[in-house]
Amino acid sequence: MTWEEIIIKIRKDAAYKELVELAYFEEDLPLNVERFRHSEEYKETLRLIQEYLPGTDKRIADIGAGNGIASVAFALDGYHVIAVEPDPSDTIGAGAIRKLQQHYNLKNLEVVEAWGESLPMEKNSLDIVYIRQAVHHAAKLNDFISETARLLKPGGILFTVRDHVIYNEEDKQLFLKSHPLHKFYGGENAFTEAEYDSAISGAGLKVQQKLYHYDSVINYFPEKASVVEGKKKKRSDFIEQNWKKNIPSALRKIDAIKSWYYRRAESKLGVLFDASKIPGRLISYIARKPL
């Protein structure tokens, strides 16, 4: 089955209703865009981009753009966007992006049908390369990342988002077995953190920030940031209450004792969020091309 055929199939199957909604695969393309634009993931994505490259007078390529939710969102927020997507389909590919381009009358959005390992844009022509859920599909990971580095201007950033990371081949097979759509088309993949690191450094880019699964709502979506932060606060409050209850006030003034107590308490309570138990847990990178 093609990717388009799979998406059409699962839209009709009630068992996949939640997946279709959470993955922005609904038939109503503008609805997907509006839901993504108002998501915590996108808001945090914009915040981080603005932190590293303020202003919207930037050229951004969205590589592996899919049905265009991010490309259109960036364009609506003022960026000049090049949506790169090899799939030509009107359902989940470049055709869908062109429909959205027309729907929103976007003059600052271009659509290019190409693979990430061979991109037609000029060297040093982009401020930002954004790749959402696509790097782990790379046929040649090093070539893919090297192409992004070639396109970036000095000082530009590569932002890879929501890529599956595995520990070893056994872990990879567990992930593939658990993936809800891999059984239909066999197109899922994942790399180790070391492989991602090597591809980025090998392309001459410098990692500025690495977001593990529970570091950011970008990765742990659809779980809400408020829920995750609430759990963190509950644990912190519990430790603080016990600190005040069990440690004399005179000793509480000594920073070294407080640091020791908190480390000991965290160790006894155990890991709050254990991403190792999530098949294909997610990782995101922000890397910069040196000046």
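Predicted model: local features only at pLDDT ≥ 70, side-chain atom pairs only at ≥ 80, totals over all residues.
**Exercise 1. Packing of α12 and α13**

Determine how helix α12 and helix α13 are oriented relative to each other, and which residues meet where they pack.

*Solution.* 

Step 1. Helix α12 covers residues 225–246 and helix α13 covers residues 255–269; their axes come within 11 Å and cross at roughly 125°.

Step 2. Angles over 145 degrees count as roughly antiparallel and those from 65 to 115 as roughly perpendicular, with oblique as the class for the rest.

Step 3. As to handedness, α12 passes α13 in a right-handed crossing.

Step 4. On the α12 side the contact is made by R235, F238, I239, E240, N242, W243 and N246, and these meet I257, K258, Y261, Y262, A265, E266 and L269 of α13. Sorted by class, the contact of α12 with α13 has 8 nonpolar, 2 polar and 4 charged residues.

Step 5. An α-helix has 3.6 residues a turn, so residues three or four places apart point the same way.

**Exercise 2. Helix α7 and its surroundings**

Describe the packing of helix α7 against helix α10, and then find which residues of α7 are buried and what covers them.

*Solution.* 

Step 1. Helix α7 (residues 141–151) and helix α10 (residues 193–202) have axes 8 Å apart and pack at an angle of about 40°. Since angles under 35 degrees would count as roughly parallel, α7 and α10 are therefore classed as oblique to each other.

Step 2. The crossing of these two helices, α7 and α10, is right-handed.

Step 3. From α7, the residues L141, N142 and I145 meet E195, Y196, A199 and I200 of α10. By class, this contact of α7 with α10 has 5 nonpolar, 1 polar and 1 charged residues.

Step 4. Turning to burial, L141, F144, I145, E147, T148, A149 and L151 are buried in α7. Their cover includes helix α10 together with the strands β1 (59–63), β4 (126–132), β5 (152–166) and β6 (191–192).

**Exercise 3. Two aromatic pairs**

Classify the ring pairs Y24 with F36 and F74 with Y130, and state which parts of the chain each pair ties together.

*Solution.* 

Step 1. A search of the whole structure finds 17 aromatic pairs. One of them joins Y24 and F36, whose rings are 5.4 Å apart centre to centre with 85° between the planes, an edge-to-face arrangement.

Step 2. Y24 lies in the loop between α2 (17–22) and α3 (29–37), whereas F36 lies in helix α3, so the pair ties together parts that are 12 residues apart in sequence. Y24 is buried, with a relative accessible area of 1%, and F36 also counts as buried, at 0% relative accessibility.

Step 3. For F74 and Y130 the ring centres are 4.9 Å apart and the planes stand at 85°; planes over 60 degrees apart count as edge-to-face, so this pair is edge-to-face.

Step 4. F74 belongs to helix α5 (residues 69–76) and Y130 to strand β4, so the pair ties together parts that are 56 residues apart in sequence. F74 is buried at a relative accessible area of 0%, and Y130 is buried with a value of 0%.

**Exercise 4. Backbone geometry and loop positions**

Locate the cis peptide bond that involves P222, and describe the positive phi angles of Y24 and N124 and the placement of I254.

*Solution.* 

Step 1. The cis peptide bond joins F221 and P222, with omega about 20°.

Step 2. Y24, although not a glycine, has a positive phi of about 60°, and its place is the loop between α2 and α3.

Step 3. N124 is likewise not a glycine and has a positive phi of about 55°. N124 lies in the loop between β3 (109–112) and β4, and is partly exposed, with a relative accessible area of 32%.

Step 4. I254 is found in the loop between α12 and α13, and at 38% relative accessibility it counts as partly exposed. From C-alpha to C-alpha, I254 and D163 are 42 Å apart in space, and they are 91 residues apart in sequence.

Methods:
Residues numbered from 1 in each chain as written. Heavy atoms only, no water. Axes fitted to C-alpha atoms, helices over the stretch in contact; angles between N-to-C directions. Helix = DSSP H or I, 4+ residues; strand = E, 2+ residues; numbered from the N terminus. Left-handed = near helix turned anticlockwise from the far one by under 90°. Contact = heavy atoms within 4.5 Å. Nonpolar A, V, L, I, M, F, W, Y, C, P; charged D, E, K, R; others polar. Buried < 20%, exposed > 50% of the residue type's maximum accessible area, 1.4 Å probe, protein only. Phe/Tyr/Trp six-rings, centres within 6.5 Å; stacked < 30°, edge-to-face > 60°.
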